[in-house]
Amino acid sequence: MFDVKDKNNIGKEYNGFILLGIDELADYKTQAVYLRHKKTGLEVYHILKEDKENLFAFAFRTFANDSKGCAHIMEHSTLCGSEKYPLKEPFTTLAGTSLNTFLNALTYPDKTVYPGASVVRADYFNMMDVYADAVFFPKLDYTTFIQEGHRLELDENGNLSIQGVVYNEMKGNYSSFKDIAIDAQIRTMYPDCFASFDSVGDPLNIPELTYEEFLDFHQKFYNPDNCLLYLYGNIPTCEQLDFLNERFIARLEKKYNCTKEIENYNSELPIVKPEIKELQKLKLIQKSTEIRCIAPKTGSTGEVVTLNWYSGSYDMEKYFLSEVLCGNDSSPLSYRLMNSKLGDDLSPIWSNFGQFQEEFFTYGLSGVKKKNEQKVYDLVQNSLKEIYEEGISQKDIDSAVMGIDFSLREVTRYFGPYSLVLMDKVLKGWNYGNACSTQLSPISTFEKLKEKIRSDKDFTRNLIKKYFLDNKIVVKLVVEPSDKYFKERENSERKLIKKLSVNLDKEKLKKELDELHAYQQYVETPEDTACIPKTKISELDRNLDIPKLEISEAEGNNSAKIPLFLSEEDTNGIFYVDVLFPFDTLDADKMRHIPFLTNILTNIGWNSKQWNDCITESSCVMGDVWGRALCGSCCDAPQSLELLEKYKNKNFMSRQWIGVSCKALTYKAKETFELLSEIITKMDFLDEKRFDNLFAEFLADKKASFVADGRNYILKRTSCMLDKDYALGEVLWGVSQLQTISEYTKIGAKKTLQIFKDIYKSCMESGAVVHITADKDSFEKINPLISEFVKAADFKALKPAVPFTVEDIKPYIINSDAAGNNEVQLLKVHSQTGYAASCTKSSVYLSKEAAGENVFASWLGNHSLWDKIRTMGGAYGAMMWVDNMHKASFFSSYRDPTPEKSLEVFKSCLKEISEKEFSKEEVEQTVVACYGDAIVPRSPIGRANSAFENFLYANPAEFRAIRINNVLEVSAEDVQNAAKRFYKWSEELYNGAIFIDKSKKCSGNKIDIPL
Ligand SMILES: [Zn+2]
């Protein structure tokens, strides 16, 4: 066997692939290998890691040359059928049947990437087979183009409109102030090149894209010699090359006419073709300018005013400089920005923009009042001068160093496996013809930089001179929220439709649309989808890896017994502490203050020190410290009730919690515990000015994210009268919370802080639980410190909860009469996109019925809902899920152009499917997919937290095994029965809610939005 790790093999060949290099990745304690296929030019970069969650990604350089969104439409269309898989949407079929732990397709301004991951080997290769066929051999027929891209639609009255999946998706993107403001920065810095175009598509340009251009795009970019296959995990490289060879290489050679070896096939660096090199050139702004542009008002709190400085290619020192200046609220620049009073809802903007090869700094403010623009410019420029002249304090340097040290070591899982973070780094090099390993040594690079920072005390301040004071090109930008924005775009859209309808052959269009609709309505049979490779239930592992949670007790002052939970996980020298206090001993009138209270808990100062000194101090010791809340209750599954009974006297189950959490490097454990007990016991609620700033930021954030969070808001409305947990959820995190927030402005900082102080004290007096997560070595250092910490923090034994009901909460739910009782509730705002949600019942947790319902929900989401709401309705997504803990189930649509119709569609799907016969095969495939969803690996802290938090609601990690085993036993009959139950339930209870644009007519109860 060919050993890819043997340096003597460099330059040698395996199965047509030349081994070009072996990279030592010391920062990740592993190696990577780089290979190229001699004839097709396909490149492979494999990070070899003893991790069974293997990931592959096909990446193509796709640089935009306009804003017609071709890259994005291509990304969608390759997944709509290919040579070996001539289905409507093999991707959806695959997502519904495979065990993927990640499966996606992503369009960037400079590349398109198709990643997939699985912990099951056979499944991994199945996905790779479907994806490779999709990207290299897609059908790309005209029907796909008009479905995913754009088309004119005729309604019953003969009115024309533009439709298309990508077209509708992008209309949603062009409706939020924030997104448009960010794009404006990039466009300003890099005018007239790929970075300034919208690679995902501007709805005003998308309709210009022709089918011919679309086909040419694939020809040009989706070529094996413009592709990197990124691999990560423990499946040997050679096995993967064998697989490619067997399934694809000959077909690729034929299709792409690869008759001989490519030029420079043994080049050590990625080969970028000249025509692509031309497109990838970034054009930089050449002289200082001032630019003004407008954006929609939705989500804005004032103008965005920024200064931008070009800063050259990627370099760790820029990341460091940004952290020093703005890493936290007490950093010298962010502090000055926040306290500037140049608007009502100010929040600082700062970034070291490094998405492409070249970077730039952005500093400024959002929420700025009109006419204050010049003041912002002066403030930023004078502040930088001042900071340079005064010098930077050692504490600010230390806290930036600690922040970076910490974040480089923490293994996270945000949108998928950590291997995606590494993929991003690899592609940043590869895409531009640089070595794949260019950015794969951040820890060692930072260690070297730390040397410089330590040895030269002026090093840090000189960076300010280098990048700002001596930098002659400054771009000043104002993004103004304006009513004109939508008006102008709507006008342009009308003109566009008019233009497209000139010389329109209505007969031809009608024929095309009929074909499209017939194609969309065709429901694929199991015979059609049989070509998609599938994993069988018998091949699944029933032995699950269950995280351990050790339950013990620590002794506090006066022999108070404090419940202590310990999670041992592979945390890489980091440890995490959670301290929780119950808040269910409060009245409902007090409970509603919890969300904003958690926001200010560790941010407002302690021990009579200034908040900014406190923040600097804590960031020199810890990775982070923050306030949090945790709510819920135990369900009435017999297994849960048994546990509840067992721990009844301990008072830690089925509670509502507020708390403080922190994370730190283990070598700082002693200081961390000391500081944490100081924070907890000496929390101050005095600084009104700081309160006002935090409140303004909180409010601005709520406003900015209102449209993006629209689906969550309506989901809460559908269930808020169902039980006390949902009722509390609406009051704490739903539109009703906005009512509470709006009161703070009236009550004022001083009084609000007093309320918060009383609440915090009362919660502390009600007792505490502690949870610590660390690796084995870290626990050895931490264990001896715990008892001292518990005493220093003066934790009390837990008092019992005071029970509450929906009726207690109801007075704080706005328009509560409109909720429940099968009513439709409406959230009307200015938004180009909408959402629909509805809620009905489900069976009790851990029951056999519950398992059938979960399988049904998954099937429905991947079949009926997908077909009717996404494919035919043009929404971005639609799903159903079951919350058996609360005996409820939900439907929702996402970025839905016609949410008012979707509520009925959900219901009609239930009716239709209640009469359907499910085949054994389709149920088996859905079961496999459900198993896949349930076994998705989590980050070390994710595992620990879920084990701990679920345990507090009598749902220990071991119950997961029961749930998954129940799912594996689900039969076709179980699913059929579930379908019948859901239909019956939906006739009894069906609470709907819609998030929709103000201008649209729609019946239902309008809900006030106190924002
Ligand atoms: Zn998309």
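**Group meeting talk: a walk through a predicted chain**

When I say helix, I mean a DSSP run of H or I with at least four residues, while a strand is a run of E with at least two, and both are numbered from the N terminus.

Before going on, a word on the model. It is a predicted one, where local features need pLDDT of at least 70 and side-chain atom pairs count only at pLDDT 80 or more, while totals for chains, interfaces and linings use all residues. Residues are numbered from 1 along each chain as its sequence is written, and side-chain values use heavy atoms, with hydrogens and water left out.

Back to our residue. Is glutamine 520 buried or exposed? Glutamine 520 is buried, because its relative accessible area is 3%. Buried means under 20% relative accessible area, exposed means over 50%, and partly exposed is in between, using a 1.4 Å probe and protein chains only. Not counting residues up to four places away in sequence, glutamine 520 touches Lys88, Gln147, Thr871 and Met872; contact here means heavy atoms within 4.5 Å.

Thr871 takes us to another helix, H33, where it is one of the buried residues. H33 covers residues 864–872, and seven of its nine residues are buried, so the helix is largely enclosed by the rest of the structure. The others on the buried list include Trp866 and Asp867. After H33 comes glycine 874, with a positive phi near 80°.

Histidine 72 and histidine 76 are four residues apart in helix H1, residues 70–78, so about one helical turn separates them. Both histidine 72 and histidine 76 are buried.

Let's turn to the cores. A nonpolar core is a set of buried Ala, Val, Leu, Ile, Met, Phe, Trp, Tyr and Cys residues joined through side-chain atoms within 4.5 Å. In soluble globular proteins, nonpolar side chains tend to be buried together. The largest core here has 92 residues, and Val577, Phe581 and Ile600 are among those with the most contacts inside it. Helix H29, residues 749–765, gives the most to this core, with seven residues. Apart from it lies another core of 89 residues, including Val4 and Leu516.

One more residue: cysteine 258 lies in the loop between helix H8 (237–255) and helix H9 (274–279). Cysteine 258 is buried, because its relative accessible area is 11%. Among its contacts, again leaving out residues up to four places away in sequence, are Lys39 and Thr40.

Finally, the whole chain. It has 38 helices and 28 strands, and buried residues make up 60% of its 1011 residues. Along its principal axes, the C-alpha trace spans about 80 × 70 × 65 Å.
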